[in-house]
Amino acid sequence: MARYFDVHPDNPQPRLLNQIVTLLRDDGLVAYPTDSCYALGCQLGSRPGLERIRDIRKLDDRHHFTLMCRDFAQLGQFVQISNSVFRLVKAVTPGSYTFILPASPEVPRRLLHPKKRTVGVRIPQHTVTQALLAELGEPLVSSTLLLPGHDEPMTQGWEIKELLDHQLDAVIDGECGTEPTTVVDLSTDEPEILRVGAGDPARFE
C-alpha cells in the first residue's frame, strides 16, 4: 500500500522529504507532481524501481527514460553537451521540456536507448520536485505517468493512490500541469521534435 504524502506546495516539509528519499533509497517507486504532469520516479541505481516503471507503463527497451535534474551542474554530469546545444537548452530551462542527448559514462547502461546510447534529461520548474531533488542529491529516474490505454497523463494524487495503491511505495500530493513535456532530440546535428507538449516547440523548429 502506497504512503500518501501531503507536501506543502511552497514550503515542502524537510521531515516528509526525508521520508520519501528514504523510500527511494530502499528501491522504492514514487509518483510525484511536476510542472507538466505526474511522473513515476526511482533512484538512479535502482534496477527494481526501473522494472516496476516498465511494468506499470508497459514500456519496451526503446523507451527513453528521463533523468530529472536539479540544475545544469547536475545535468552536465550525465549527458554530453556541446556549447551550441548548451545555449539552446539553457534558454528554455527550467521548464516543460525533455531533451534527448548522448549519455555520459555516469548513466547506468539499462537506462540507455539500446542503439543510440542516449537518455532524456530535464530540469523542472516545480517547488516540490526541486526540493525532493535537493534532498536526494542526484537525478531521479522518471517517466510520465501515462498508463496503457489512457490518452492523458495522470494529474490527481488521490486518483493515482486509488488506482496504483499496490504498485507504488509513495504518492506525493500536489498541484501539477496538465500536459506532458515537449520532447526534443538534440543527439544529432538537427533538433528533432519527438513530442509537442507544454513547452513551446518553436525555438527548435
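Which residues is Ala2 in contact with, leaving aside its neighbours within four places in sequence?

View 1. Ala2 is in contact (heavy atoms within 4.5 Å) with Lys161, Asp165, Leu168, Asp169, Ala170 and Val171, its neighbours within four places in sequence being left aside. The residue is found in the segment before β1. Ala2 counts as buried because its relative accessibility is 5%, where buried means under 20% relative accessible area, exposed over 50% and partly exposed in between, with a 1.4 Å probe and protein chains only. Ala2 and Ile172 are 9.9 Å apart in space, C-alpha to C-alpha, and 170 residues apart in sequence.

**View 2. The open sheet of 10 strands**. The strand order is β1-β8-β2-β3-β7-β4-β6-β5-β9-β10, and the pairing is mixed. At the edges stand β1 (3-6) and β10 (192-195), each pairing on one side only. Neighbouring strands are turned by 30° against each other on average, direction ignored. Helices (H or I, at least four residues) and strands (E, at least two) are DSSP runs numbered from the N terminus; two strands pair if DSSP finds at least two bridges between them.

**View 3. Pairing of β3 with β7**. Strand β3 (residues 38-43) pairs with strand β7 (residues 140-144) in the antiparallel sense, over 5 bridges. Cys42 stands opposite Val141 in β7.

**View 4. Helix α1 across the sheet strands**. Helix α1 (residues 14-25) lies across β1, β2 (30-33), β3, β7 and β8 (170-173), and runs at about 145° to β1. Axes are lines fitted to C-alpha atoms, for helices over the stretch in contact, and angles run from 0 to 180 degrees between N-to-C directions.

**Notes.** Residues are numbered from 1 along each chain as its sequence is written, and side-chain values use heavy atoms, with hydrogens and water left out. In this predicted model, local features need pLDDT of at least 70 and side-chain atom pairs count only at pLDDT 80 or more, whereas totals for chains, interfaces and linings use all residues.
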